Amino acid sequence: MRLDPGDVALCVADDGPPTASGARPAATPIVQTSLFAHPDLSSLTDALAAEHASHVYTRGQNPTVETLERKLALLEGGEACKAFASGMAAVSAVLMGLLEAGDHVLFVNHTYGPTLQLAEHLGRFGITHSTVLDVSPEAVAAALRPETKLVWLESPGTMLFRLVDVAAVAELARKRGVLTCMDNSWATPLLQKPLALGVDMVVHSATKYLGGHSDVVAGALVTSAARLQRIFYRAYLLNGGALAPFNAFLVLRGLRTLPVRLRQHEADALEVARYLETHDAVAAVHHPALREPELAARQLAGTTGLFSFELADASYARVRRFIDALEHFRIGVSWGGVESLVITPSREDNAAALTARGIPPGLVRLSVGLESAELLIADLDQALSF
Ligand SMILES: *Cc1c(COP(=O)(O)O)cnc(C)c1O
């Protein structure tokens with residue numbers, strides 16, 4: 001993992017405004033208030049006229065939330081950031097803030113399920129979408145339509161963790177006048193900087209690695225100040241997906257250990273993935289550093305703890321028996337916390353539907369936590385022979 005020392009220092013650094021004695025707190029204060037009272041009426045009316053940049057009401061701006069926003073904007077190398085009540089609130093704000101009836105969204109690569117479900121719902125408002133799973137720039141270019149307004153990228157993609165050549169896709173979209181947005185939750189800004197690769201917007205589920213402890217749901221959007229302001233008024237302030245100050249504090253606290261957590265997640269996940277590659281009961285391992293090492297080295301400063309693999313016996317009965325036999329991987333949704341998690345998209349009756357979406361039925365996704373690779377490999381070993 002090649003982490004930028006400036007990024008690491010930015011993650012770790014924290015403080016608050018000085019106390020009366022001039023000493024500064026070592027952590028961001030939680031400004032737990034719903035509203036801000038002003039010294040006189042014209043101060044309030046001025047603030048209301050520019051609510052994106054003023055303290056009026058915590059549904060708009062709040063100092064604790066702003067501290068998080070400043071950090072994430074700097075880490076992504078973007079002009080401005082808005083933090084949201086969840087990753088999906090950030091995704092919704094991009095789609096609902098920028099698209100009109102008649103616009104089309106192209107989803108490149110396997111996309112987070114609820115993002116696609118939201119796109120389905122937006123059909124009611126005349127917004128259409130399609131997905132392209134062949135991520136070669138030629139195939140993406142061919143999938144663009146005259147009415148395509150936005151290209152949505154996930155790299156690595158959901159479930160199979162395939163990479164997209166982000167710079168190439170961003171460039172071809174730009175040439176066609178199409179906006180791009182990257183869901184950068186997997187890599188975090190420490191391992192991938194989509195804006196530097198030519199992407200227009202970055203969204204995060206801060207619930208995952210940024211928070212890092214499975215104790216907060218949060219999201220963020222980073223883009224130019226002008227575009228963020230447009231989204232603020234069109235799909236933030238009125239949609240009501242504001243991040244609570246306490247939850248912003250939890251993400252800020254998570255960020256302080258993000259670099260050290262990521263180093264350990266990478267090392268342990270690689271050990272686990274390499275072990276799985278050697279096992280007879282495993283048909284394939286989907287880890288970007290093992291599957292696409294060249295593109296991974298070019299585009300990512302490292303890899304994380306989330307990857308998947310396929311059981312050689314892809315029957316649902318086998319998948320369930322394997323998962324239920326695990327003792328140290330907890331069975332649950334989400335990922336990116338300190339505890340290891342396992343999940344599968346397989347159900348009793350959906351093998352054909354999965355295959356149609358390009359997902360192999362024997363797929364198992366692991367979020368490798370910080371328990372130690374040795375313990376996790378021993379656990380996988382006993383469950384694979386169960
Ligand atoms: C979890 C997740 C989201 C949604 O974030 P929430 O915080 O759960 O709303 C979006 N994208 C990806 C890739 C995710 O894993």
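1. Start with the lining of the second largest pocket: its residues split into 6 nonpolar, 3 polar and 5 charged. Keep in mind that this is a predicted model. There are 14 lining residues here, and Q61, E69, A80, C81 and L228 sit nearest the centre. The pocket holds about 310 Å³ of space.

2. Now for the largest pocket, with about 920 Å³ of space. Its lining counts 41 residues, and T111, Y112, G113, P114 and T158 are the closest to the centre. By class, you'll find 18 nonpolar, 17 polar and 6 charged residues in this lining.

3. As for who contributes, α4 (87–98), α5 (113–122) and β6 (201–205) each put at least two residues into the lining of the largest pocket. The top contributor is α5, with 4 residues.

4. Take a look at α4 while you're there. This helix has 12 residues and runs 17 Å from first C-alpha to last, close to the 16 Å expected at 1.5 Å a residue. At its start, a side-chain oxygen of S86 comes to within 3.4 Å of the backbone nitrogen of M88.

5. Is α4 mostly covered or mostly open? Mostly covered, with 10 of its 12 residues buried. The buried set is G87, A89, A90, V91, S92, A93, V94, L95, G97 and L98. When you turn the model around, remember that an α-helix has 3.6 residues a turn, so residues three or four places apart point the same way.

Technical notes
Residues are numbered from 1 along each chain as its sequence is written. This is a predicted model: local features need pLDDT of at least 70, side-chain atom pairs count only at pLDDT 80 or more; totals for chains, interfaces and linings use all residues. Side-chain values use heavy atoms; hydrogens and water are left out. On a 1 Å grid over the protein atoms alone, a cavity is a set of points where a 1.4 Å probe fits but cannot get out, and a pocket is an open set with protein on both sides within 12 Å along at least five of seven lines; lining residues have an atom within 4 Å of a point. Grid points are joined across faces, edges and corners, and a volume is the space filled by probe spheres set on the points. Ala, Val, Leu, Ile, Met, Phe, Trp, Tyr, Cys and Pro count as nonpolar, Asp, Glu, Lys and Arg as charged, and the others, Gly among them, as polar. The expected span of a helix is 1.5 Å times one less than its number of residues. Buried means under 20% relative accessible area, exposed over 50%, partly exposed in between (1.4 Å probe, protein chains only). A polar contact is a pair of N or O atoms within 3.5 Å; within protein, one must be able to donate a hydrogen and the other to accept it, and residues adjacent in sequence count only if both atoms are side-chain atoms.
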